[in-house]
Structure formats: C-alpha cells, structure tokens
Amino acid sequence: RPALKTLTRPILRVSPPVQGGEHLLILTGQRRLRLLDFAAGESITLLKTGYDRRCITREIAVRNGDGPFVPIEEADPEGRWLREALILGRSLARIPGTARRKGLLEDVLSRLDHWQRGMERQVTTEGHITSLMRRLQEHLTTLEERHGAEAIMNITPWLAPLAQQARNREALPLSTTHGDLQVGNILVDPVKNQSFVVDLEYAR
C-alpha cells in the first residue's frame, strides 16, 4: 500500500468531493465511475461529465421492475448517480464448475425472460423498422466518417433485404433489452447462490 501511494498519482477528479473518498475503490468505465465502499456496504455509480444522462435514467427505469437486478436504494432523478447495495460476488465467467455455471446461467436467463415478457408490447412493423433503419444509418455514417467506407462495406448490402423481410409482418413484439448481456455482466452471490444482471447502461 505505501508503495502504491508513492508510485501513483490522482488521475481523476470527482466534484463535489466524496467524503472519505480516499478509502473507496474506484472503478472507471467509458461513461461512468463506480465507487465501491466496503465499509458502508454500498456501490455508487456516477456519470462522467459531458456524457448523456440517459445511460443512468434508462437503467433506473429498467431496474425499478421485478427483474433479476440488484435493487437501487437511491438515485438522482436527473440521472447523475445511483446508489445500490454492494454485492460481494464474482462474475459468472469466474465461477468454477461447468455444471454450476450452466445452472446459474439458466436460472438468471429464465428470470430475465419472465421479466421481459411482462414488459412486452406490440408495435407496428412499418414504424419500428423505419425508426430502426434511420438510427442504423446514423451510426453507419459516423462509423464511415471515423474509419472509412471499408468499415461498413460488409454491412450495408444486407440491411435493405433484412428490413423488407421484417416488413412482411404487420406487428412486432418488443421488450426492454439489456444492450450488453454477456457472462461478465452476470454477478453471482456465492453465499446466497443468487445471480444478478448488472451494468444496464445500454438498456433500452
């Protein structure tokens, strides 16, 4: 610990200051910071300056349901932070034993499916596909500007046929989705043998 204090220097700033911040473990992400307070048994997620607050407000809205999520204890309605209980677990990918990992995965996916079915709604195909294609085109334009036409040349040819195939249906069932669901975002509490889906900043 003394060596770390000697060899490192502060590389981020939180404003206003967090009381006792020097005793927290700080995990940095692309758009957010997570402060782990082991003494208080809580985790605080903070939005970095300059990023869209919807990545937190969407998560708050999603986790207010009865899905397999860690309950939010307190949150800023403007989407700057949220506070939740600290789960002393590990990601599903680090759980030993193939059979145990499979059982935990099946359990959390079953609970997630049940939650999603409760959120399901019907939308008109034409309106949804038109909106989706517009957003895809915006992302592709940005991708092309950053990386050149070669970055999207294998994507654009199948977009129109895929959209046309989807339009053959009059309505589509839609539900909220995680946006980044993978084993690293499934947290397992080994004491209670429970699984939770975490990191819903891309949920919509």
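**Exercise 1.** In this predicted model, find how many bridges join β1 to strand β2, and which way the two strands run.

*Solution.* Start at β2, residues 32–37. Four bridges join this strand to β1. The two strands run antiparallel. Now pick a residue: Leu27 stands opposite Arg34 in β2.

**Exercise 2.** Work out the strand order of the open sheet of five strands, and name its edge strands.

*Solution.* The order is β1-β2-β3-β5-β4, and the pairing is antiparallel. Next, look for strands that pair on one side only. These are β1 (25–28) and β4 (72–75), the edge strands. On average, neighbouring strands of this sheet are turned by 20° against each other, direction ignored.

**Exercise 3.** Locate Glu59 and decide: is this residue buried or exposed?

*Solution.* Glu59 is found in helix α2. Helix α2 covers residues 54–63 and lies across β2, β3 (42–47), β4 and β5 (81–85). The helix runs at about 40° to β5. Now check the accessibility. Buried means under 20% relative accessible area. Glu59 has 1% relative accessibility, so Glu59 counts as buried. Leaving aside neighbours within four places in sequence, its contacts are Arg32, Ile72, Leu82, Leu200 and Glu201.

Notes
Residues are numbered from 1 along each chain as its sequence is written. This is a predicted model: local features need pLDDT of at least 70, side-chain atom pairs count only at pLDDT 80 or more; totals for chains, interfaces and linings use all residues. Side-chain values use heavy atoms; hydrogens and water are left out. Two strands pair if DSSP finds at least two bridges between them. Axes are lines fitted to C-alpha atoms, for helices over the stretch in contact, and angles run from 0 to 180 degrees between N-to-C directions. Contact means heavy atoms within 4.5 Å. Buried means under 20% relative accessible area, exposed over 50%, partly exposed in between (1.4 Å probe, protein chains only).
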